[in-house]
Amino acid sequence: MSPIESLAPLASPARAIAGAQGPLPAREEATIGVLVFRLGGMRFALPSSRVVNVMPLGRARFEQLARMAGKGTLGTSGLPLIRLASRLGLATATAPERGALVLFGTEGKVRATALIDDEPMQARAEIQLMSDDWRSRFSSSCAELIGGVARLADGRQAAILDMTIGVFGRKAAPAAPEAHLLVRRPGHAPEAVSLSALQAIRCPGEIAGRSYLLRLGREGTPVPVEAVLGLAPEGRVDVAGLKQRLVADGQSYPVLEPGRSAVERPVARVLLVMNDTPARAQMQALVRALGHHVSLADHARALELTAGRFDVAIYDVGAYGVPTAPPPPATLCLALTGRPGRLEGFAGHLPPGDTPRLIAAGLGWGPRAAS
């Protein structure tokens, strides 16, 4: 019998789940069904809209599945399997007396699984989603995976998980239009360019000379620069007459062409298939700054399991190797340094760390007609 053929219905846990997070500034609210459980002295919740089934586990079966989770798949099924406690940095050496295997999917078809070091309960909760900047004020190592607060009917609270493994989890919000790119023109100190006013970037090799050519505003005014330094830190824009300056991280940068109008661009659904590293965090920040929705996956089968759900996928072939199945349309390859040539089946290639080319590509992303 396969690991997913003998699943039992969700059993209500006998014990209450205690511990709560304090209130955080809300971004938006909704009431949804959730699975509530406790890890590391904190209460967490997962949206239950895509839960196909929940299997309560005893200690022996939990230990067996925990070993599978260490390999990333649920036995021979090939389904992704993660242990939430490990992902949150809260796993203990001793398996719990009672745990659960949660199956996620759509239309009854299982697409991913998660192992929980507790037996969850079903509940209705008012969800308050947080703005992205609150995480800098949250001290826990799992802050990046928390999207807000679930307030239960009895007044208890749980941290709602923003766990996107390709098949569940909310979409990240687009960045605020104040995101800026730092550039340097010949003979000038670094200047800031509003990404909302950036129409296009032409990179060296696409144009004569070694400079980058920016096109700003709806008119596409050309501005040559010798270097694109990267995404500016978050900050504020000070206005003095017709001049603007970006004040960020203790530095002050003149805003280049501040009078240029914003460019209207479509919003794409982007999937990053990358390991959880600083490079992924940087890529995520850049794509969000361009105004796109970002989801994360760190499993090699994510392209296959999420086909059709995203407009653009960025796949780290250096981490996962060349896919055995043809990648979906609009899949970009984050190539290994020094990998020769172009890989068949990919819509484009992004050398790692090449911020200008990533932004140049991202400026043209939009929803696919088939989605």
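Predicted model: local features only at pLDDT ≥ 70, side-chain atom pairs only at ≥ 80, totals over all residues.
Today I started with strand 19, helix 3 (residues 278–289) and strand 20, which together make a right-handed β-α-β unit.

Strand 19 (residues 269–273) and strand 20 pair in the parallel sense, over 5 bridges. I found leucine 271 standing opposite serine 295 in strand 20.

Then I moved to glutamine 157, which lies in strand 9 (residues 157–161). I wrote glutamine 157 down as buried because its relative accessible area is 14%, and the cut-off for buried is under 20%. The side chain of glutamine 157 also has a polar contact of 3.4 Å with the side chain of arginine 151.

My last stop was backbone angles. Most residues other than glycine have a negative phi. Which value did I find for aspartate 249? Its phi is near 55°, which is positive. Aspartate 249 sits in the loop between strand 17 (243–248) and strand 18 (251–254), and it counts as exposed because its relative accessibility is 66%.

Alanine 330 has a positive phi too, near 60°. I located alanine 330 in the loop between helix 5 (317–320) and strand 22 (331–334). With a relative accessible area of 24%, alanine 330 is partly exposed.

Definitions and conventions
Residues numbered from 1 in each chain as written. Heavy atoms only, no water. Pairing = 2+ DSSP bridges. Helix = DSSP H or I, 4+ residues; strand = E, 2+ residues; numbered from the N terminus. Right-handed = clockwise from strand over helix to strand, strands pointing away. Buried < 20%, exposed > 50% of the residue type's maximum accessible area, 1.4 Å probe, protein only. Polar contact = N/O pair within 3.5 Å; in protein donor to acceptor, adjacent residues only side chain to side chain.
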